[in-house]
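Below are my notes on the model you sent, as numbered points. Please read them with the structure open.

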Amino acid sequence: MSVHGGAAVLIGHFDEVTPTRFATREIRLEPDDGALRIRMGAPLVETLARAVCVQFGVSHREIDRLGALIGASAPEGDHEGEHPQVGLT
Amino acid sequence: MTPPEDSDSVESNEDLAPVAALVDHVRLGVLPHLNSRRDLPARHYAAASLARSNRLLSAMIELRTAGFPDAIGLLLRSLLECWYLGMYFVLAPDEAYEKTHTAHAHQLTRLDPAHWGDIQRILDQMPVDPRQMNWKTVSDRVATLFSERGYTAMKEMTDSLYATLIKASRR
């Protein structure tokens, strides 16, 4: 998941590697179709949106609802339901 | 732009419908309500961070739909950096404002040293050493702020994201 143009990224474009030749893949090999990284990004927007809504006095009810659907609003831990309070303390 | 023909087939975005709904809600239901007085710039930086983060998440969905899964990671890294700053502005507004501005000024001096002249003189005049700020220090600071407020899960998430998306990419 490197973001640099380093060797690891470039090797992802190698294809049909044999003792005598390389071919080139147009699309780098990825562990999935991108959904995993989108699911990693969603909680970031969700938690920041909730915190900003608290700061600005805007309702975050819909964000809470969508966060529950995404499965990100209550990460495993000892502070279930803590996110809505970020920014208040 | 036409997706490459040999792109791996992309499943429907239906499974990401709640994520897309979140993006739309932030765009239409939250951002239009975020207005600040001019004497509250720090909290507005948090709002701007949310706008940027939401835009990046939207672009990630579009890239997947268009058959560019190998470009999504670039945006995720940027999204994480935006989230760090946004949370920093939420949790410690004055501190975040001072540090990000001095770091920004430092970047400007690096971009055009011929114009700025004696860079060291400029750095010496700054209230905070901008070179102290990098993604490791920002991540650590945000994690500490979460921890100080008792948000243990958020602290752990911050540490985990740094290890996964930033530290790992340097290997």
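1. Confidence, chain B. pLDDT is the predictor's confidence in each residue, from 0 to 100. Chain B has an average pLDDT of 84, and 80% of its residues reach at least 70. Residues 3-9 of chain B fall below 50 in pLDDT, and this stretch makes 9 contacts in the model beyond near neighbours in sequence. Two residues count as in contact if their C-beta atoms, placed from the backbone, lie within 7 Å. Where pLDDT is low, the predicted coordinates should not be read in detail.

2. Basis of the notes. This is a predicted model, in which local features need pLDDT of at least 70 and side-chain atom pairs count only at pLDDT 80 or more, while totals for chains, interfaces and linings use all residues. Residues are numbered from 1 along each chain as its sequence is written, and chains are lettered from A and ligands numbered from 1 in the order in which they are written. For the complex, the predictor reports an ipTM of 0.83 and a pTM of 0.80.

3. Chain A. Its secondary structure consists of 3 helices and 2 strands, in the order α-β-β-α-α along the sequence. Helices (H or I, at least four residues) and strands (E, at least two) are DSSP runs, numbered from the N terminus. Of the 89 residues in chain A, 31% are buried, meaning that 20 or more other C-beta atoms, placed from the backbone, lie within 10 Å of the residue's own. Among contacts in chain A with a separation of 6 or more, 41% join residues 24 or more positions apart.

4. Helix pair within chain B. Helices α2 (residues 41-65) and α3 (residues 72-91) of chain B pack with their axes 8 Å apart, at an angle of about 160 degrees. Axes are lines fitted to C-alpha atoms, for helices over the stretch in contact, and angles run from 0 to 180 degrees between N-to-C directions. α2(B) and α3(B) are therefore roughly antiparallel (over 145 degrees; under 35 is roughly parallel). Their contact contains 18 nonpolar, 4 polar and 3 charged residues. Ala, Val, Leu, Ile, Met, Phe, Trp, Tyr, Cys and Pro count as nonpolar, Asp, Glu, Lys and Arg as charged, and the others, Gly among them, as polar.

5. Helix pair between chains. Helix α2 (residues 35-56) of chain A and helix α1 (residues 17-30) of chain B cross at roughly 30 degrees, their axes coming within 10 Å. α2(A) is therefore roughly parallel to α1(B). On the α2(A) side, the residues that meet α1(B) include Ile38(A), Val45(A), Glu46(A) and Cys53(A). Val19(B) and Leu22(B) are among their partners in α1(B). By class, this contact has 9 nonpolar, no polar and 1 charged residue.

Technical notes
Parallel < 35°, antiparallel > 145°, perpendicular 65-115°, else oblique. Buried ≥ 20, exposed ≤ 12 C-beta atoms within 10 Å, placed from the backbone.
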